[in-house]
Amino acid sequence: MRRWTLLLVMIFVTLGMVQAQRTVSGTVTDENGEALIGCSVLAKGTSAGTITNVDGQYRLEVPAGSNVLIYSYTGFTSQEITLGASNIVDVTLSEGVTLETAVVTALGISKEEKALGYAVKSVDGGAVVRSGEVNVVQGLAAKSSGVQVIGSGGTPGASSKILIRGNSTFTGNNQPLIVIDGVPYDNQTNGSVAADYPFNDGLSGVNNSNRALDINPNDIESMNILKGPSAAALYGTRAANGVILITTKRGRKGLSVDISSSLSLDQVNKLPEVQDMYSGGSGGGAFDANGNVVAAGGFSSNTSASWGELISPDNPNAPRAYDNYDTFFETGQTWNNSVAISTGNEAAQFRMSYGNTNQTGIIPNTELQRNAFRINADTRVGAIKLQGFASYTNTKDIKAQNGSNLSGVMLSLTRMHANFDVLGGDGPNGYDNPDGSPYNYFFAYDNPMWSAYSNPLTGDVDRLTGGITGIWSPLTWLDVTARIGVDNYTDRRKQIWAVGAFDPPSPVGEVWENVKRHRSINTDIFGTATHSLSSSIEGSLTLGMNLNSRFDDDAFARGRNLAIPGFYNLSNASDLYTSQSTTEKRLAGLFFAAGVSWSNQLYLQVTGRNDWASTFGADARDKGFFYPGANLSWVFSENFESDIVSFGKLRLSWAQAGIEPPAYRTVTYFNAPFITDGFTDGLGFPYGGQNGFGQSSSLGNVDLEPEVVTTFEVGTNLKLFNNRIDLDVNYYDSKSSNLLVLRPIAPSTGFEAAFINIGEMTNKGVELELGANIVNTRNFTWDLSANWTKNVNEVTQLVDGVDEINIETAFSSIGSFAIVGQPYGAFFGSQWQRDDAGNLMINSSGVPIVDPTRGNLGNPYPDWLAGITNSFNIYGLQVSALLDIREGGALWSGTTARLHRLGRSKASAERDRSYVIEGVKGDGTP
């Protein structure tokens, strides 16, 4: 109630600032007198704007305090018109190109695009909103070369991962740093798991969210992607994987109210193809058309397999087939609503926004609710400009079990017998029995509908971020900036397992309480001086410092053996367990950027940063580590006039950036010993009411250094035919060295392994960006933007004695590894034995032979990526379409393998015949 009272008070205060407005109208034409349809008309310094109609006419309410209108149209030179006494303004635009565009770079400093010697991609916030994605990371998909967005999808709040120019490290985070209005924004994706869990927690549980989910897309003005160390060098050890700079919308002069609402509908698209010809069962023989057994065998129904009777519509005694996919999946809905109030005058501007997202998933009982509030304020007092923001977001969600666990909804649903009705139970809901236990076809699986309602994980995130920036301009050539920002959130999760659920060790009921806390405090202080050294030479120098601290705490509590079914409270459990982990990191840095330009065509910049991080070894903390960089830009089109080349630039850059080691790798710590055989839940402390600790099996290394990413890139940017075509080409060669590797050591030392810096990996790639104004007529325009990326990754060095690094273990037959000579993350696993000609080797039973050695099963990353966006303006109506294209890349599907084995896959329906598998015998004969 207090929030709404405060909101109303602020609205009335804002309305009290409203002054008189004026209405301006007119017509916009080209030099031939033809009306320009869809021409943008904007009141300078405000968000008030409109577009012309089919007759080129416009009408605009111009806020008080604004007396300049900006007219812009694709392929034409923009004009600024100062308003006079008349409220009727007709404008004629000339064909041409405006090149003086600015982009936001490191530390939020705006620079002319032509002065940049490295690749930067700007994405308009409106493009992210129009994508319809709740997660802003997913909204970047296919919008920039060099950027790969991997969405897990399927459920509300599902995580999205972003990679820029491939992977840079073996063991650390490969995602870019996100910075909002100068303040780093945490984007972790963490699961809820007890410290005594012996398996890979990534294979089960729920689809956890990446915390960029808390950003309201409607607040974003622009997103600038700094792709390499040259662009991000001033951010030091946190920018080796690139940086995404988000600039939010700010207040403007006058008063404006923006209201938007959108609805998206989601339906399941691709599902494993299953057969509905045979029922559940095993041990059967052959059948006739009526489902009668004509060969010896018989059936056992107490099985997860579907090698059962023939389902024949002509036989009234045969089992019936059910479409459980259609019964289970729902149509998801996403409502996005936003309202923003902007007001201001010459001295101060203010913007307040509220965004609400309500999403229901295609999985029953899954949902997401996000409420985001944001206030941006700007003012100027003499030579000091102050900018501040405060943002509060509450994100709540309900997630369903997935992955390889017996309560996972897809595991049970895809294996479900064709003759089983998911809602055929005699309990009150159809998916349950009268005693509340799950109604299912196999005793060890949970009914997927029952699991969705009985085993959910609920999340509740409160996030508060804020920052204040002061810019002091004591002299015309000097700006001093001081900024402090805070990012703080608490993530409260509760996982329940109903009595009867099969995923925990036994169906006795279970409850988890998990609280994750994150706090980051960031301070930047820097000064920028600019000076004209001569009539053609200008210089600039930026000097500054950065302090950053990050704190993470994860407290987990579990209760098993619930006394009262349905009462999910730790006090209701007889078996209690707790675990907690706390991580704190500190980083300090000094940096500089020196630049010089000549005749508005040649630009040179040199950068450097020295970091001191708490996660380094003692010696490294004392001396720190230095990362240099340099970039050069030459606007060669300044030397000639051409009807074809409107603008041309060559760029060249080289830079380094570091990746700080994970926390607590420099010292050997004590922890609670834990022993497991890989199949059972194992043994650990506390045990028998007693606790105990032992030294870690990994030896600390006081000499740890940062991993280093060194990147060279060269590129060109061409604007052709009066800006009708915009082409950008870039090549990069990036080497990651000093990578951390867990090296095995002799067990006789009392330890199993130690972290050292020795690994190497390379990324080489080509990036293409194309923009084209294909058609530009009176009533119809067609704009095309496209990008293409090819990245080649290779692991080039590991430590002696280490043949591979296990990145992600799935099952015994498959895993993702770093292996010398292979791309990072290559699939290695079991494979068929083949002869020198590649033929399958067949045993005496006619079955292929499994090779005793593992082999390379493929690279999971695409051969190349592409994005194509077509935008049309038809009589003032805006229409756009996006294609996200990925060519190549290997996939491994455990679901497909299991469905084949169980006889549930569509391919296994063709079973009533003999097979001859092509291949050769041991002697080489077919």
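Which residues does tyrosine 568 touch, not counting residues up to four places away in sequence? I looked that up, taking contact as heavy atoms within 4.5 Å: tyrosine 568 touches Ser454, Lys494, Ile496, Trp497, Ala498, Glu510, Val511 and Leu562.

Ground rules for myself: this is a predicted model, where local features need pLDDT of at least 70, side-chain atom pairs count only at pLDDT 80 or more, and totals for chains, interfaces and linings use all residues. Residues are numbered from 1 along each chain as its sequence is written, and side-chain values use heavy atoms, with hydrogens and water left out.

**Cores.** I went on to the nonpolar cores (buried Ala, Val, Leu, Ile, Met, Phe, Trp, Tyr and Cys residues joined through side-chain atoms within 4.5 Å). For burial I used under 20% relative accessible area as buried, over 50% as exposed and in between as partly exposed, with a 1.4 Å probe and protein chains only. The largest core has 32 residues, and Tyr568 is among those with the most contacts inside it, as are Phe328, Phe329 and Ile363. Elements that each supply at least two residues of this core include α4 (324–328), β23 (478–497) and β26 (573–598); helices (H or I, at least four residues) and strands (E, at least two) are DSSP runs, numbered from the N terminus. Apart from it I found another core of 21 residues, among them Val137, Val147, Ile220 and Ile246.

**Sheet.** Next I checked an open, antiparallel sheet of four strands, ordered β3-β2-β5-β6; strands pair if DSSP finds at least two bridges between them. β3 (49–51) and β6 (79–82) are the edge strands with a single partner each, so one side of each has no neighbour in the sheet. β5 (residues 68–72) pairs with β6 over four bridges, and valine 68 stands opposite threonine 82.

**Pocket.** The second largest pocket holds about 320 Å³ of space. My pocket is an open set of points on a 1 Å grid over the protein atoms alone, with protein on both sides within 12 Å along at least five of seven lines; lining residues have an atom within 4 Å of a point. Its lining has 21 residues, with Gln148, Asn791, Val792, Tyr861 and Pro862 nearest the centre. β38 gives the largest share, five residues.

Alanine 142 is not a glycine, yet has a positive phi of about 65°. I place alanine 142 in the loop between α2 (125–130) and β11, and it counts as buried because its relative accessibility is 11%. Asparagine 365 also has a positive phi, about 60°, in the loop between β19 (348–360) and β20 (367–381). At 26% relative accessibility, asparagine 365 counts as partly exposed.

Technical notes: On a 1 Å grid over the protein atoms alone, a cavity is a set of points where a 1.4 Å probe fits but cannot get out, and a pocket is an open set with protein on both sides within 12 Å along at least five of seven lines; lining residues have an atom within 4 Å of a point. Grid points are joined across faces, edges and corners, and a volume is the space filled by probe spheres set on the points.
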